[in-house]
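Hello,

Here is the structure I promised to pass on to you. Have a look at it first, and then read on for my notes.

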Amino acid sequence: GGSPAGVPRRPLRTAAPLRSDFFRELGQTLERMAQTLRDQLPASGRGERGWVPPGTHPDPRPPEEADVVVVGGGVVGWSVAYWLKMLEGRRRHGMRVLVVERDPMYSRASTVLSAGGIRQQFSLRENIQMSRFSASFLRDINKYLGVPNEPPIDIQFQPSGYLFLASPQNAAALEATVQLQRDEGAQVTLLSPTQLKEKFPWINTEGVAVASLGLEDEGWFDPWTLLNAFRRKATSLGVQSCSGEVRAPWSACDPLAPVTPPSVPSQVYMPDSLEYQPVACAIVVNAAGAWAGKLLEAEGLPRGLCRPPLPIQPRKRYVFTWHCPNGPGLSCPFLIDTSGAYFRRDGSGGNYLGGMSPPEVSPWGPLRSSTPLFLIRHLQFILSQEEEPDPSDLSVDHDYFQEQVWPRLARRVPAFESLRVRSSWAGYYDYNTFDQNGVLGPHPRLENLFSAAGFSGHGLQHAPAAGRAVAELVVRGRYESLDLRRLGWDRLLDGEPLQEHGVV
């Protein structure tokens, strides 16, 4: 992570000349802020109780009964709730769905703190298929999530392909991955270093053997708008929601027998209180994101039912924004460097957004091939913890950009030798320490518990597909749109991870 040759130790802090684009972007930003505030205000009329956090019912207490309790009101949880109501059909007595969110202000929510990207370029077939489904969903979002008598949904999609750069050591793997993506219908092209330089003259191609560029259905959009669209549509379909935290969602039972009670009490604790409301339900969907693993550690739950554990933990990731008047400009894609650093354009006024995940530390080399896989994974997790930022809060380590991210950016894009950092924030990945892929479907022992978590950074873009898949399992008992059985719990039981090379 040292500074590149010929690059100053710190980015230049001199003020950049203002452009007319700045005022246009400022106006757009203020309009988005105003829309967010309008989304959070209650409708006028009798019975108004004052300000109500987004996604919550005016009555702070949850109902005493529900058919399905969805734990987590992020974009995945609301997608599950939406698809449950859509798939049940028009029945006289519809399914009672309750979404419980412990952070109604979404101040720590992974959804709204993400970079907002969507891509087709994954190396796992299921991830490619979910991306294809989600791209189609977002293209026709008003057909799915439009609410009568409300303005059309505009997720502010910016079409711009992802650009993956591969070193000579990883060139063959990238080429094989692109072939898989093409087999699944994704439009992706390979570029040689010469072609890369011709298309993007601002790139330093040193150390790049080949690159892949998405030609359609890739780019970025506004995460809050998608979350709010799912919430509004699901609410219009009859989904209820409340603020609170679900604890001990299952009654004590024989740890040697499957759990299939017709009704189990979920304890929903009120915000900042020891008071709780029991909610009798038939099914619990764990869409708690970064805290999905902790839901299976509830007191009173027999330890035998926690095997295998759900290997999902919160991992803090930084996002930085900077200004560079001589940067790549409008031709800038969502670039993933060979070093792991990434960035994309943020508007059209010379602003950019990016960051980098800490490198994975692998113990594969010094261990014998006979070493059990679960031990290898455990050691890998312990070693990687040394590189991970403390997830206890969302503070930002600004030295991380100066010492780790910026040198890599400046090496790849010489114009970034001179940039001005503007802002930063931190968000959580619901990081699956086993194989960085989502865990979908019913628990092997708790048959009334379904999981939809562990996406490790690609939950936002896969939420439409993952929500429908889990809802299909609940309503129909089988996958119908996509076959995602390999993303179930069996791989955790068997110790067989699914390898995904496209984790950013």
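Asp346 and Arg344 form a salt bridge in this predicted model, and their closest N and O atoms are 3.9 Å apart. Are the two partners buried or exposed? Arg344 has a relative accessible area of 6%, which is under the 20% cut-off, so Arg344 is buried. Asp346, at 29% relative accessibility, counts as partly exposed, because that value falls between the 20% and 50% limits. In total, the structure holds 19 salt bridges.

Arg344 also has a place in the strand pairing, with Leu353 in β17 as its bridge partner. The two strands involved there are β16, residues 341-345, and β17, residues 351-356. β16 and β17 pair in the antiparallel sense, over 5 bridges.

Now for the sheet that these strands belong to. It is an open sheet of 8 strands with mixed pairing, and the order is β6-β7-β5-β15-β16-β17-β14-β18. At its edges are β6 (188-191) and β18 (420-432), each of which pairs on one side only. From one strand to the next, the twist averages 20°.

Which helices lie across these strands? One is α9 (residues 398-412), which lies across β5, β14 (312-323), β15 (334-336), β16, β17 and β18. α9 runs at about 65° to β14. Another is α5 (residues 171-183), which lies across β5 (162-166), β6 and β7 (210-214) and runs at about 155° to β6.

Arg412 pairs with Asp337, with the closest N and O atoms 2.6 Å apart. Arg412 is in helix α9 and Asp337 is in the loop between β15 and β16, so that this pair links parts of the chain 75 residues apart. Both ends of the pair are buried: Arg412 has 6% relative accessibility, and Asp337 has 9%.

Back to α5, which has 13 residues. Its end C-alpha atoms are 19 Å apart, which agrees with the 18 Å that those residues should span at 1.5 Å a residue. Ala171, Leu174, Thr177, Val178, Leu180 and Gln181 are buried in this helix. The buried residues of α5 pack against α3 as well as β5, β6 and β7. After α5 comes Gly185, which has a positive phi, near 95°.

That brings me to α3 (residues 125-139), a helix of 15 residues. From its first C-alpha to its last, α3 reaches 21 Å, close to the 21 Å expected at 1.5 Å a residue. Its buried residues are Glu126, Asn127, Ile128, Met130, Ser131, Ser134, Ala135, Phe137 and Leu138. What do they pack against? Their partners are α2 (75-88), β3 (117-118), α4 (141-145), α5, α7 (223-236) and α10 (459-475).

Arg139 forms one with Asp217, and the closest N and O atoms are 2.3 Å apart. Because Arg139 lies in helix α3 and Asp217 in the loop between β7 and β8 (219-220), the pair ties together parts that are 78 residues apart in sequence. Asp217 has a relative accessible area of 18%, so Asp217 is buried under the 20% cut-off.

Ala415 is partly exposed, with a relative accessible area of 25%. Leaving out residues up to four places away in sequence, Ala415 touches Cys324, Asn326 and Gly327. The C-alpha atoms of Ala415 and Pro325 are separated by 8.8 Å, and the two residues are 90 residues apart along the chain.

The other residue is Gln436, in the loop between β18 and β19 (439-442). Gln436 counts as buried, at 13% relative accessibility. What does the side chain of Gln436 make a polar contact with? The partner is the side chain of Tyr431, at 3.4 Å. Apart from neighbours within four places in sequence, Gln436 is in contact with Tyr431, Gly454, Phe455, Ser456, His458 and Val503.

Best wishes

Notes: Residues numbered from 1 in each chain as written. Predicted model: local features only at pLDDT ≥ 70, side-chain atom pairs only at ≥ 80, totals over all residues. Heavy atoms only, no water. Pairing = 2+ DSSP bridges. Helix = DSSP H or I, 4+ residues; strand = E, 2+ residues; numbered from the N terminus. Axes fitted to C-alpha atoms, helices over the stretch in contact; angles between N-to-C directions. Contact = heavy atoms within 4.5 Å. Expected span 1.5 Å × (residues − 1). Buried < 20%, exposed > 50% of the residue type's maximum accessible area, 1.4 Å probe, protein only. Salt bridge = Lys/Arg side-chain N within 4 Å of Asp/Glu carboxyl O. Polar contact = N/O pair within 3.5 Å; in protein donor to acceptor, adjacent residues only side chain to side chain.
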